[in-house]
Structures are given as structure tokens and as C-alpha cells.
Amino acid sequence: MARKKIIAGNWKMNMTPSEAVALVNTLKPLVANDDVDVVFCVPAIDIIPVMEAAKGSNIQVGAENMYYEEKGAYTGEISPAMLTDVGVKYVVLGHSERRQYFAETNETVNKKVLKAFEHGITPIMCCGETLEQREQGVTMDFIRQQVKVGMLGVTADQAKTAVIAYEPIWAIGTGKTATTEQAQEVCKGIRECVAEIYDDATAAAIRIQYGGSVNAKTAADLFAQADIDGGLVGGAALKPDFGQIVNYK
Ligand code: PGA
């Protein structure tokens, strides 16, 4: 069965709640496309207003992070139940910015991935190499470790519903999109890694996105690759361009 493309916006730390509502109202008609899953991953405080504004549209709302404990003395964190209580279905986990600035590791990402599944939230688990690692020729080794540790304890049935976002760090927010060949090569490598951990059926079902300076010009070529099932889009998700990305065909 063909995998449905999933095109997600990652708003990062942008948009106040009122700006968020205005942006959703602008984008709503532009991102209409039932052939793909359209997800807006937004700051926690924007989740409820964005859901309200997106009502009746094809926009699904996701979070940008989540903690791996159920509840309690974790000041400043958001629990999985808080997300599911308002209807959140997706959560971005292990974004390179969280790894870089907030000390997330493969191990904490794994705890979050397991917790997300426990609560029926689909993780969009991010991985990606630095420029230095790419130049050293260790891209795939590094990513395989991120994927293997990130998915520890995840069952095949859960993995089939997961989303992995391949985001080379050197391509994030730099305007430097990976070439379609580079993106396809790593996404294929991730799928092979999933086949090794699980089986061919799981590898065929899991959705793998590319992220890193995706824009209205590069989306069509990227999403046409055999192993690229959509994108995780930062900067361009805050502009009408996101409509063109969602309707890339
Ligand atoms: P970018 O961000 O599209 O602005 O490069 C992508 C991401 O970090 O998810």
C-alpha cells in the first residue's frame, strides 16, 4: 500500500497566539489537500487557539515537544495527557535544536517516543548529522544510532505508524537544502535500518520525512523520491509558501 505523504510545519518558537490564529486563517484555504496529511506543529500555548482556528479544515495540530513522565514536579514541562486531552495527535521529538540547546539525548528521545505511543500520540522523531559528520563520512553510522536507540522498545506495530524526520543539521534554517540525491540516500538508509530492526513490512509502512530548508521550489523533487514521504518544514511553514509545499504536485 502506498504511504500517505505527511507534510508538517514546525513553527519553532514563533507566533504568539493571536499571530498564530491569523496565520492559520491565511493558510487554511491554501493547504487544502486531502491526499496528504497536513500537520501544524506549534508552540504549546498556540495549540488550543490553532485547533479552534483550524476547525473544519484538513489541518491537524501537533506539539513540538513533550515530557516523558505522566505528571508531577517537572516545572515548565508538558505531559502527554495534557496534549491528548485537547486532541493532539502528533508530537515532534528529538529535534536537533532540542538536542543542541536543551540537552536531549537519544536516550531521552527514546523515553519520549515510548511515552507518546503509550498515549496514542504519533511521534515525529528527528535525526540528522552535522556538517562535520557528513564530511567525516559517518552520516549513516550516526543516524543509524539515533534511529536504533530512539526506537528501542517500540513494537513493530507501533513503528509502522511512526514518522521519522531526517533533518541534516547543516540544512536547517540555512537555506541550504540537501540535494534530492543526498536526502533520498539517507531516507533510504533509514528505511533499511528500520527493516533490520523490525522487518520489511514495518520498513514499508513507516513514514520518513525530509526536513531542512524545504521550500516551494524544492518540495516537488524531494517528495517525488521513493523513500521520502513528505517534509518537516520550518521557515517556509510560516508563509503562504506552505500552501505550495502542501500542494507540491
Ligand atoms: P527549516 O527548518 O525548514 O527552517 O530549515 C526545518 C526544521 O528545523 O524542522
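1. A pocket here is an open set of points on a 1 Å grid over the protein atoms alone, where a 1.4 Å probe fits, with protein on both sides within 12 Å along at least five of seven lines; lining residues have an atom within 4 Å of a point. Keep in mind that this is a predicted model, with local features needing pLDDT of at least 70 and side-chain atom pairs counting only at pLDDT 80 or more, while totals for chains, interfaces and linings use all residues. Residues are numbered from 1 along each chain as its sequence is written, and side-chain values use heavy atoms, with hydrogens and water left out.

2. Still on the second largest pocket: its volume is about 260 Å³, taken as the space filled by probe spheres set on the points. The lining splits into 6 nonpolar, 10 polar and 4 charged residues. For the classes, Ala, Val, Leu, Ile, Met, Phe, Trp, Tyr, Cys and Pro count as nonpolar, Asp, Glu, Lys and Arg as charged, and the others, Gly among them, as polar.

3. Now the largest pocket, which holds about 550 Å³ of space. It has 21 lining residues, with Lys-12, Met-13, Glu-64, Asn-65 and Arg-98 nearest its centre. By class, that lining has 12 nonpolar, 4 polar and 5 charged residues. Helix H4 (residues 96–101) gives the most to it, with 3 residues; helices are DSSP runs (H or I, at least four residues), numbered from the N terminus.

4. On to helix packing. The axes of H1 (residues 17–27) and H2 (residues 47–54) come within 9 Å and cross at roughly 25°; axes are lines fitted to C-alpha atoms over the stretch in contact, and angles run from 0 to 180 degrees between N-to-C directions. H1 and H2 are therefore roughly parallel, the label for angles under 35 degrees. The contact (heavy atoms within 4.5 Å) involves Pro-17, Ala-20, Val-21, Val-24 and Asn-25 of H1 with Pro-49, Val-50, Ala-53 and Ala-54 of H2. Those residues comprise 8 nonpolar, 1 polar and no charged.

5. For H7 (residues 139–150) and H9 (residues 180–197), the axes come within 10 Å and cross at roughly 45°.

Key. Helix = DSSP H or I, 4+ residues; strand = E, 2+ residues; numbered from the N terminus. Parallel < 35°, antiparallel > 145°, perpendicular 65-115°, else oblique.
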